[in-house]
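Opening my notebook on this one. I'll jot down what I look up as I go.

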Amino acid sequence: MKVSLSWLREFAPDISGTPEELSETLSALGLTVEDMAITGDVVDGVVLAKVLNLRPHPAADKIQLVDLDAGSGVANQVCCGAFNMSIGDLVPLATPGTVMPNGLKIAERKMRGEVSAGMCCSGAELGLSDDHEGILILNDRVLPEAELGMPLAPAVGLESDVLWDLEVNANRPDAMSVAGVARDLAAALGISFSFPDYRVAAGSAASNETAEELLNVEILDPQVCGRFLATVLRGVSVGTSPQWLADRLISAGMRPINSIVDISNYVMLELGQPNHTFDLATIPDGHLKVRRATAGETLTTLDGAVRELTANDAVITNGADQVISLAGVMGGAATEISASTTDVLLEMAWWDPPTISRTVKRLNLVSEASNRFRRGVDWGSNMLRALQRFIQLASQLGVVAVDGFVEAKGHTVDNAPRKVRSAKINGLLGTELSAVAMAEHLQSIGFGAEVVQSECASEDLSVTVPTWRWDTATETDIAEEVGRLYGYENIPRTVPRGELPGGLSDYQVRRRQVRQALLGYGCDETMPLPFLEAADLTKTQLADNALDNALRLTNPVAAEQSLLRPSLLPGQLKAIAYNQSHRNSDVRFFEIGHVFLVPPASQLLPDEREYLGVALAGCEAPEAVGALDLLDNTLGLPNVALRAAAPAGMHATRSAEVLVAGKVRGVVGEVDPQVLKGFDIAGRVAWLEVDLGALLKGPRRSGKYQPISKYPSSDVDLAFEVPDKVASADIVTSLRKASQGLLVGVELFDVYRGDGVPSGSRSLAYRLRFQANDRTLTDAEVAWVRQSCVEAVAKRHQVFLRS
């Protein structure tokens, strides 16, 4: 959005300050200045001159000789490469000694043998326009009092001005106009802001016509159009615009087209209200309807393209329901203003922003008007103001407007007063402003704001949002307006307080401890995918109906891997098989990963849990129990015990369930040989699988630290004949209880079945280590504690000590 200082002063005459200071103020208001330029300054030495004669250069085809009168009455010869001049034209002449904006110093010199006493200038060479095509012709631009030889600026009425190019964000539709920018700037500077009086005497003394007699407007879809104003202009003659108006448009980045189009664009830039003009002769009975398009309808737009419409598009139709305009986006070719147009229907409307935005995006028809409509224009008094401004400018060209206007109304945004908590505003901004100060800031930009007493005896605000700020809906929006006007640079800087970031939860810490402990146990971590083939479940023998109950993916990465794993065992066995096929046999793996179990009937999502699996190839069940002991010591699990069982997929007599605080939390032992055979795995595989999530979230025993004894220990080996139904873990528990605290270590070092051991039993050999913290145990003490252990085990489990 480009605005000039002179244009802003038409709404706030008291604007003062250097261009740099005003730039900083605009940026602080949220209207970031992307570029600033000083315009209207003409370098010294450029004067008004008149072309007296034109003749060819005798030695150059692309240069002509121009005789100019620069006020002395004497012809000055200048060599010029442009050929757009005629005798009698008024042109700018840079006299010898002039330093041009690009640094070129003009001097009298010869060109192919002919003297050139100066330079005829283009608009681009003077920095007045981007036109490089020819010499700037000033015939229609000089003031009546201008004389030849006068400096160019006063001769054509040029005044120094400041032009800003502002970045206007999507949430500031009001700032898409010169008046909107002036309102904000005046509020920031603490000066008055007002609109000029645009009213003119309407109507014709001869006809006494009124708009109601000539026009009829119907809004068939009140959601798509909130308000529609229309009137009629008589005596229109399409021509060129006054130079001042054309200059304003050029400075704002728009190209002058013709008088009617230029006035339309000027009003849009000045007041932010896009408008449209129809050739009244093409609209039977002046009847207009507003509705949504019917899918499949077509319209030939002003650019000549045939547009197919959808039910989301807003359109204007004539009385016969024929589409004549794509509302808020582009008019139709059938009602276009032409050279023969004498009567014009002028329309001002408020269109639903989301509707316009969808149409613009679908058709890729972005324009200055549609950009304003899709952000939301003013649906209040500014529409009539823009209508009056259009009529005022057109009347300067001899156009006459009929009396009054017609108006149709639809649904507009609710701008009823809303309560705003001053404490909330201060909390959002980090300020301590009073409700009165907030109200003054809001009132300075046109908001209605009154201080009211809240129920808790504090001062709050009752705020009425103006019609040109339909984007402002919440207390946060109000806080932004207060912050802009108070000045973000005036808000004290504070460091936000909060919890220290980056810390690990207790769950994460304990999981890391498990991972480090298993790495120290000689295991490598694996991370297989959680997807399985049906054959994997079948070979693992997890359950008779495991395949039927497995959770299936509806969109698997690979069709053959469509099952979610109910256990970590299949993935670990596949990893062991792969390593053995590459002659890496005795591997030790662990995995922390998620398994997916069938949920209860009341649960929609799968029963997803985090498990720990430890697979030790070439090892027997005690090695897996050792991993469990490591886990117990690492996490401080309460009351860990084993219960003889034959879990699915595991050895019938070398496996058990893991109990923690009396609840089953996993399995430990050896994998069933038939399962290993199915995966082509040689040797034994010790296996531990526990519900790690439950263990990490569950209770833990209090840690007790004991000093390391400096006294020697004594080892004793005991072999018991134990029935198969008695678990080794139960024997170990009994040994510890009977040792009176002197048993510091126990190891199952041999399991024997065969000659000398009855069927249904096995021989379990343990190495017991006794040690005291305060003395060296005597042989008698060792013998006593040994006998206590033997008797306790024999009595509790009905086992026999082997000789």
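Leaving aside neighbours within four places in sequence, which residues is threonine 317 in contact with? I count heavy atoms within 4.5 Å as contact, and I find His287, Leu288, Lys289, Arg291, Gln322, Val323 and Ile324.

Before going on, I note that this is a predicted model, where local features need pLDDT of at least 70, side-chain atom pairs count only at pLDDT 80 or more, and totals for chains, interfaces and linings use all residues. Residues are numbered from 1 along each chain as its sequence is written, and side-chain values use heavy atoms, with hydrogens and water left out.

I placed threonine 317 in strand β17, residues 314-318; strands are DSSP runs of E, at least two residues, and helices are runs of H or I, at least four, numbered from the N terminus. Threonine 317 is buried, at 0% relative accessible area (buried means under 20%, with a 1.4 Å probe and protein chains only). The side chain of threonine 317 also makes a polar contact of 3.5 Å with that of aspartate 321 (N or O atoms within 3.5 Å, one able to donate a hydrogen and the other to accept it; residues adjacent in sequence count only if both atoms are side-chain atoms).

Next, a sheet. I found an open one of three strands, ordered β23-β25-β24, with antiparallel pairing (strands pair if DSSP finds at least two bridges between them). Its edge strands are β23 (418-420) and β24 (448-453), each pairing on one side only. I see β23 pair with β25 (residues 459-464) over three bridges, and lysine 419 has serine 462 of β25 as its bridge partner.

Key. Buried < 20%, exposed > 50% of the residue type's maximum accessible area, 1.4 Å probe, protein only.
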